[in-house]
Amino acid sequence: MVYKLTYFGVRGYGEPARLMFKHAGVAFEDNVVDMASWPQLKGSTPFGQLPVLEVDGKPIAQSFAIYRFLATKLGLSPGDAVDQALTDSIAEYVKEFDGKVHDYFIILLGFMQGDKDAELKDKVLPAIDQYFPVITKWLKASGTGYLTKAGLTWADFFAAEKLGNVVNTFSDVAGKYPEIKAFVDKVYSLPNVKGHIDSRPKTPY
């Protein structure tokens, strides 16, 4: 199969797919779109959004559809149906968290106008207080160092990115939730992933 991943020049929702490819050692074209080119490209995408993964020329849109497809192809999906559902559930929970902190990081990137201090106080910090204790409980219960007892799955690459945005930006949060910081470091230290992490551009999101 020939893979082409199209996304902006940030990590965002394209990076988990990149990490999965890197981990599996599978070649793909990383098609980076700049903001100036996006208006011309937008109409050709399935939903007017990125990321889009082309598989032998066939476009797949929506990030979770892409991750789940790659999980099946790259051996990152639990074999048991219950484990699949549990993996989906914790990934959805992390996505819910990211939805609450997303605007703060987009403001940091300069992609939207807003009061980042107000976003931090009113949205980011309350979301950390709400979600991080629950995610910590999942990590402790799994016994694998990953999110579920099934071991490494696609959800871990997604969660490492979204939780890593926070623990690698706020050192006090990393100190308060060491299990989450250790989890992010564990994923980022995977042999085929580490080199990519070390060489990629340093962005807050």
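Reply: We will go through annotated spans, strands, the core and aromatic pairs in this predicted model.

Me: Start with the annotations. Which residues does "domain: GST N-terminal" cover?

Reply: In the unreviewed UniProt entry, that annotation covers residues 1–78. Over this span the chain is 35% helix and 24% strand. The end C-alpha atoms are 22 Å apart.

Me: And what does the entry give for "domain: GST C-terminal"?

Reply: The unreviewed UniProt entry places it at residues 80–205. That span is 76% helix and 0% strand, with end C-alpha atoms 32 Å apart.

Me: Now the strands. How do I read the pairing of β1 and β3?

Reply: Start with a general point: in a regular strand the side chains alternate between the two faces of the sheet. Then look at direction and bridges. Strand β1 (residues 3–8) pairs with strand β3 (residues 52–55) in the antiparallel sense, over four bridges. L5 has L53 as its bridge partner in β3.

Me: Which sense, parallel or antiparallel, joins β3 to β4?

Reply: Antiparallel, again with four bridges; β4 is residues 58–61. E54 stands opposite P59 in β4. The two strands β3 and β4 form a hairpin with two residues between them. In the turn, D56 has a positive phi of about 50°.

Me: Next, the core. Which residues have the most contacts inside the largest one?

Reply: The general idea is that in soluble globular proteins, nonpolar side chains tend to be buried together. Here the largest nonpolar core has 67 residues, and F132, L163 and F183 have the most contacts inside it. This core draws at least three residues from each of domain 1 (3–76) and domain 2 (81–191). Beyond its neighbours within four places in sequence, L163 is in contact with V94, F97, F132, I135, I180, F183 and V184.

Me: Last, aromatics. Why is the Y67–W154 pair called tilted?

Reply: The whole structure holds 17 aromatic pairs. In this one the ring centres of Y67 and W154 are 6.1 Å apart and the planes meet at 35°, so the pair is tilted. It links distant parts of the chain: Y67 is in helix α3 (residues 63–74), W154 in helix α6 (residues 154–167), 87 residues apart. Y67 is buried at 1% relative accessibility, and W154 is buried at 3%.

Me: Where in the chain do Y104 and F170 sit?

Reply: Y104 lies in helix α4 (residues 81–109), and F170 in the loop between α6 and α7 (171–176), 66 residues apart. Both Y104 and F170 are buried.

Technical notes. Residues numbered from 1 in each chain as written. Predicted model: local features only at pLDDT ≥ 70, side-chain atom pairs only at ≥ 80, totals over all residues. Heavy atoms only, no water. UniProt positions renumbered as here; feature names shortened; annotations may be inferred. Core = buried A, V, L, I, M, F, W, Y, C linked by side-chain atoms within 4.5 Å. Buried < 20%, exposed > 50% of the residue type's maximum accessible area, 1.4 Å probe, protein only. Domains from an automatic or database assignment. Contact = heavy atoms within 4.5 Å. Pairing = 2+ DSSP bridges. Phe/Tyr/Trp six-rings, centres within 6.5 Å; stacked < 30°, edge-to-face > 60°.
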